[in-house]
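Trainee: Hi! Could you walk me through this one?
Mentor: Happy to, let's have a look together.

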Amino acid sequence: MKAVFKAGAALAVLAMVVPADARSGGEHHAEVADGTTASDEAAKAEALAEAMRAAELWIEGQRQFRKIPAISAAVARGDETVWAQGFGTTDRAKTKPATPDTIYSICSISKLFTAIALMQQWEQGKVALDAPISEYLPWATLADDPRESVPVTLRGALTHSAGLPREADFPYWTGPDFPFPSQDQIRAKIASQVPLYPASTTWQYSNLGLTLVGETVEAVSGQPFADYVTANILDPLGLDDTRPGIPTGLYGGQMAVGWGALEPDGSRPQVALFDPAGITPAAGFSASVADLAKFAGWTLRLAKSGEAEVLRASTLREMQRVHYVSPDWETSWGLGFAVRQEGGTTIVSHGGSCPGYRSALMIAPKEEMGVAVAMNAMDDPGTVARGIAALVKARGEAKPFDPVEGVSLSDYAGVYGGQPWGADYMIIPWAGGLTWLSPDANEPAKGMWRLKPLGEDRFRVVTDKGDERHEVLFERDRAGKVQAVRQHSNVSPRLRGL
């Protein structure tokens, strides 16, 4: 239960397809414009609603078990955000609830906006991806390196294959003050930095590389980087809560405060707010998950419509195809986007990790689905994103049980005692029956066994392989309220409803 899905596999499951025979009952209804029936659409809506309810319960459980102060998450389907929610609290006093509009540092997801800004210049013929960066930034020449190498190019920087040092030569990831350098400091220091590798021989993630991409945007556009991105990307897309910087005036209000890694005693230290300064193109943006889902929806809309909107559709395709594969074939990268294929599905993504904040944005273009997660603690947003995706897949693939007269599934929903053998668990309605949900599990949809209603508070266990097993009996008190579940002669009390 503790193993972690690969990120690509997680997004591959986001394409929720409800089988034609997954309707409740056997009624047939008129087809709508795309060939589906009204009952098909109702079944899909019900499936998505149950999956998202399960996701909400599981995410809150994860937040509590991991002691994460705040998590916000959103799911896009096509260009529509179909679900968004916040969990926990965002301020030091732990009184302000997180929402989908809560702002977080999104750190390296910033690189996607920087890459888009550069590709706008490429569309206008102002830059060539395979020209040396020094053509646009004469000061961006590293110290002499005796190793033979091809030039350091914009394509190399966008794909993290240029051999550049990972960072500008300043200790800005070191707390408690996180001393990010200014543009002038980066420019003055770069001539003393030596390439880590000859260009195009090794994949090496580089914040310095994407910082230089942002500097190129500024140089060729003739505008300050932040002004350019705001006017040409954020404003046209209506991303009102996304900024090339940190909104210090909103800190502790709409912007969540940051917390560190989990300590052995279960606490998390406070992390001071930082100013990304000259590293903003690589790691300095802030955003809400509502905006990140909207951004994902824009990429899906652009790909589907083929009409230019901020970028040409062909340019987006170019960014989302593989331009570099590492020598070990383990890492593949597009122009700004991480790109990989899992189970026949192409996944484009980026994550972010800055002091006090972590985030993940994953998109499955062909399946027209995306998920965004942000949190204000040093934990793993990918686990949350993968869990959401897996629950959507599991519910979409589940063939509903036939309804049983007199059975109200909501009667049984609740938190049941698992001690001393394990954590308390949940039983929730799921595809015409019930299922177990473990809030402490990293893979909430793995091995989902179900309960098929038989009537009179009796259910049949059905394994994830479809095998029917033993009966389970729910017990009620004198008032008729479900108070326990009996399985193999043993009883788990119902601690509270859901």
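Mentor: One thing before we start: when sorting residues, Ala, Val, Leu, Ile, Met, Phe, Trp, Tyr, Cys and Pro count as nonpolar, Asp, Glu, Lys and Arg as charged, and the others, Gly among them, as polar. Also, keep in mind that this is a predicted model.

Trainee: Got it. How do the residues lining the largest pocket divide, then?
Mentor: The lining has 14 nonpolar, 12 polar and six charged residues.

Trainee: And what volume does the largest pocket have?
Mentor: Its volume is about 710 Å³. Of the 32 lining residues, the closest to the centre are Trp-333, Ala-338, Ser-349, His-350 and Gly-351.

Trainee: Which element supplies the largest share of the lining?
Mentor: That is S10, with six residues. Among the elements that each supply at least two are helix H1 (7–12), strand S11 (357–364) and helix H11 (381–397).

Trainee: Switching topic: how far does helix H2 reach?
Mentor: From first C-alpha to last, the 29 residues of H2 (38–66) reach 41 Å, close to the 42 Å expected at 1.5 Å a residue. After H2 comes Lys-67, with a positive phi near 55°.

Trainee: What about Glu-218, buried or exposed?
Mentor: Glu-218 counts as buried, because its relative accessibility is 19% and the cut-off for buried is under 20%. Glu-218 sits in helix H6 (residues 207–221).

Trainee: Which side chain does the Glu-218 side chain make a polar contact with?
Mentor: The side chain of Gln-183, at 3.5 Å. Leaving aside residues up to four places away in sequence, Glu-218 touches Gln-183, Arg-187, Gln-223, Pro-224 and Phe-225.

Methods:
Residues numbered from 1 in each chain as written. Predicted model: local features only at pLDDT ≥ 70, side-chain atom pairs only at ≥ 80, totals over all residues. Heavy atoms only, no water. 1 Å grid on protein atoms, 1.4 Å probe; cavity = no way out; pocket = protein on both sides within 12 Å on 5 of 7 lines; lining within 4 Å. Points joined across faces, edges and corners; volume = space filled by probe spheres on them. Helix = DSSP H or I, 4+ residues; strand = E, 2+ residues; numbered from the N terminus. Expected span 1.5 Å × (residues − 1). Buried < 20%, exposed > 50% of the residue type's maximum accessible area, 1.4 Å probe, protein only. Polar contact = N/O pair within 3.5 Å; in protein donor to acceptor, adjacent residues only side chain to side chain. Contact = heavy atoms within 4.5 Å.
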